Amino acid sequence: MSSAVAAEVEDGVDIRRCLPGDEARLSAVGGATFLDTFAGVLAGDDILGHCERQHAVQRYAAWLADPHCALWLAEARPGNAPIGFAMLSPPDLPSVPTQAGDVELKRIYLLHRFHGGGHGARLMQAAIGEARVRGAGRLLLGVYAKNERALAFYARKGFVPIGERRFRVGDNEYEDRILALDLVAA
């Protein structure tokens with residue numbers, strides 16, 4: 001297997017670098033995890049509209065074609081059903097000053113029933129490894145300020161708060177925390 005698509009296999013879940021053609025898998029798991037995470041927290045119509053726009057197959061196809069983005073897919077065996085993914089991109093966090101060499105962890109999603117098995121940590125390691133290969137000094141991300149589980153996960157990985165932003169889902173705005181991991185010191 002080439003390094004571009006090398007897979008990490010562990011505990012019935014494979015993690016591999018995404019390729020063009022994976023956009024439908026990414027779209028499906030992106031929408032499912034967003035709904036799974038925010039149902040009962042955000043307005044249902046807002047969630048559905050957000051998923052329709054932000055998790056559209058065409059968005060993932062564009063990211064897969066962009067050499068500045070990198071995506072990894074977690075798939076369950078048997079059957080290779082998508083259960084999560086991670087995505088690196090150039091930073092798009094206008095509310096915080098960025099530095100040369102910053103990279104954003106745009107998305108890291110995992111279906112709830114697969115939490116606690118180390119798969120999120122494996123996706124994070126893939127993203128951190130790629131950020132380092134690219135010479136990034138910091139890995140940035142935005143997370144919903146009331147998502148305590150995600151905030152605890154990122155804190156365990158060494159991320160620290162550096163700012164805030166407002167994040168729109170439908171007609172409502174929510175507070176995100178912007179976190180950073182210093183890749184030089186880590």
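**Ground rules.** This is a predicted model, so I kept local features to pLDDT of at least 70 and side-chain atom pairs to pLDDT 80 or more, while totals for chains, interfaces and linings use all residues. Residues are numbered from 1 along each chain as its sequence is written, and side-chain values use heavy atoms, with hydrogens and water left out.

**Confidence.** I began with pLDDT, the predictor's confidence in each residue, from 0 to 100. The chain averages 92, and 94% of the residues score at least 70. I took helices (H or I, at least four residues) and strands (E, at least two) as DSSP runs, numbered from the N terminus. Which elements have the lowest and the highest mean pLDDT? Strand β1 (residues 7-10) has the lowest, at 53, and helix α3 (residues 57-65) the highest, at 98. Residues 1-6 have a pLDDT below 50. Beyond near neighbours in sequence, that stretch still has nine contacts in the model, a contact being heavy atoms within 4.5 Å.

**Strand β3.** My next stop was β3, residues 70-76. I used buried for under 20% relative accessible area, exposed for over 50% and partly exposed for in between, with a 1.4 Å probe and protein chains only. Seven of the seven residues of β3 are buried, so the strand is largely enclosed by the rest of the structure. In a regular strand the side chains alternate between the two faces of the sheet. I checked each side of β3: Ala70, Trp72, Ala74 and Ala76 are buried on one, and Leu71, Leu73 and Glu75 are buried on the other.

Which strands pair with β3? I counted two strands as paired if DSSP finds at least two bridges between them. Strand β2 (residues 13-17) runs antiparallel to β3, with five bridges, and Arg17 stands opposite Trp72. Strand β4 (residues 81-89) is also antiparallel to β3, over seven bridges, and here Ala76 faces Ala81. β3 and β4 make a hairpin with four residues between them. I noted Gly79 in the turn, with a positive phi of about 100°.

**Rings.** I paired rings of Phe, Tyr and Trp (its six-membered ring) if their centres lie within 6.5 Å, calling planes under 30 degrees apart stacked, over 60 edge-to-face and the rest tilted. By this rule I have eight aromatic pairs. One of them is Phe38 with Tyr144, edge-to-face at 5.6 Å centre to centre and 75° between the planes. Phe38 is in helix α1 (residues 23-38) and Tyr144 in strand β6 (residues 138-144), so this pair ties together parts 106 residues apart in sequence. Phe38 is buried at 11% relative accessibility, and Tyr144 is buried at 14%. Tyr154 and Phe159 are also edge-to-face, because their ring centres are 5.7 Å apart and their planes at 65°. Both Tyr154 and Phe159 are buried. I also wrote down one aromatic cluster, made of Phe34, Phe38, Tyr144 and Tyr174.

**Two single residues.** Glu23 and Ala56 are 33 residues apart in sequence and 8.6 Å apart from C-alpha to C-alpha.

Arg165 lies in strand β7 (residues 160-169). Is Arg165 buried or exposed? Arg165 is buried, with a relative accessible area of 17%. Not counting residues up to four places away, Arg165 has contacts that include Asp92, Ser95, Tyr174, Glu175 and Asp176.
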